[in-house]
Amino acid sequence: MTATQLTLIQIDNYGPWTVTPEPRREMDLQTLQSRLFADLAQFVGSRDGYVFFTRFDNMVAATNGLDRTDHALLQESIGNRYPVTISLGVGVDEVPIEALETATERVQDAGSAQSADRAEVLGGEFHEDSGDGDLRIAHFDVNDATGKYTDRLNEFDTFIEIEQGYASLMRYMREAHGALSFFVGGDNIIAICPDLSVEEYHDAIDHVAEEAGVQLKVGVGRGATAHEAGIGAKHALEDCRYEGTLVEFA
Ligand SMILES: Nc1nc2c(ncn2[C@@H]2O[C@H](COP(=O)(O)OP(=O)(O)OP(=O)(O)O)[C@@H](O)[C@H]2O)c(=O)[nH]1
């Protein structure tokens, strides 16, 4: 059984800030958002967690191994260095979407994302002493994306193909298994999953092939932290390449 600890990261009152005193230059907002993501990735990653940029104003992190003190330090450090602050909600559950639901409620219960009165919320429960089997990470990759798309199509049409595959996978994994799948660049999607069988991964791959015409393969890892599970998933994906298979477990 898995015990996934997820953190919702939400920039406080960001919408109003982007237009106060008047709309801010778009590339300045993009710079802030990508630097914030980079700082979060470094902080969370150095403690063996994973963070995903999702919509940039809201991000999701797999934080097994990070406790309340780590989260408070992250908030303090961001608050000291950015013109915005962040609220953090944390949840733990066997099913990733349930952990995120709990994490989200902690933040939502404290007030609106666009409230000047709500700032630096830190709420939720933490999973202490995360064990080897607590996290499952699945690393999906498009088969021969370079040969099929990158070397043949323009970047925009390639992007459409990859995004359609992503859209199909993220919805299927969410609805069938409560798993959370995130596009991480190139042709790669990383999913935080409950315990799933080889057949269940094959079904997901078949679904995306039928619905979006995109052929995926996947490596699956387990560990006490996202890094441990994720590095196992990457090695398993290499095994897929070597063996010519579509699903491998580390
Ligand atoms: N985020 C992330 N991106 C990766 C990783 N490995 C490859 N990529 C991205 O994926 C793109 C395509 O690389 P590959 O997936 O190795 O190439 P491919 O043509 O699909 O070949 P096969 O996967 O062997 O079928 C690269 O340009 C990178 O952007 C990874 O571990 N993480």
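## Helix α8

Helix α8 is made of 18 residues, and the distance from its first C-alpha to its last is 25 Å, close to the 26 Å expected at 1.5 Å a residue. The model described here is a predicted one. Just after α8, Gly-244 has a positive phi of about 75 degrees.

The buried residues of this helix are Ala-226, His-227, Glu-228, Ala-229, Gly-230, Gly-232, Ala-233, Ala-236 and Leu-237. An α-helix has 3.6 residues a turn, so residues three or four places apart point the same way. The buried residues of α8 pack against strands β2, β3, β6, β8 (188-193), β9 (216-223) and β10 (247-249).

## Helix α6

Helix α6 covers residues 155-177. Its 23 residues should span 33 Å at 1.5 Å a residue, and the end C-alpha atoms of α6 are 32 Å apart, which agrees. Just after α6, Gly-178 takes a positive phi, here about 65 degrees.

Buried in α6 are Ile-162, Gly-165, Tyr-166, Ser-168, Leu-169, Met-173 and His-177. Their cover includes the strands β6, β7, β8 and β9, and it also includes the helices α5 and α7 (198-212).

## Overall fold

The protein has eight helices and 10 strands. Its C-alpha trace spans about 55 × 45 × 30 Å along the principal axes.

Of the 250 residues, 41% count as buried. Among contacts between residues at least 6 apart in sequence, 64% join residues at least 24 apart.

The domain assignment places domain 1 at residues 4-124 and domain 2 at residues 135-249. The C-alpha centres of the two domains lie 25 Å apart. Across the boundary, 16 residues of domain 1 are in contact with 15 residues of domain 2.

On the side of domain 1 that touches domain 2, the elements giving two or more residues are β2 (50-52), β3 (58-62) and α4 (96-108). The largest share of this side, four residues, belongs to α4. By residue class, this side of domain 1 divides into eight nonpolar, five polar and three charged residues. Strands β2 and β3 are also among the elements against which the buried residues of α8 pack.

## The shell around the ligand

The ligand is surrounded by 14 residues, and the closest are Ala-145, Thr-146, Val-184, Gly-186 and Asn-188. The elements that give two or more residues to this shell are β6 (135-142), α5 (145-150), β7 (180-185) and α8 (226-243).

Helix α5 supplies the largest share of the shell, three residues. The shell divides into three nonpolar, six polar and five charged residues. Of the elements named for the shell, β6 is one of those that the buried residues of α8 pack against, and β6, α5 and β7 are among those that cover the buried residues of α6.

## Arg-68

Arg-68 lies in helix α3, which covers residues 68-81.

Arg-68 and Leu-122 are 54 residues apart along the chain, and their C-alpha atoms are separated by 8.2 Å.

Conventions
Residues numbered from 1 in each chain as written. Predicted model: local features only at pLDDT ≥ 70, side-chain atom pairs only at ≥ 80, totals over all residues. Domains from an automatic or database assignment. Contact = placed C-beta atoms within 7 Å. Nonpolar A, V, L, I, M, F, W, Y, C, P; charged D, E, K, R; others polar. Near = placed C-beta within 6 Å. Buried ≥ 20, exposed ≤ 12 C-beta atoms within 10 Å, placed from the backbone. Expected span 1.5 Å × (residues − 1).
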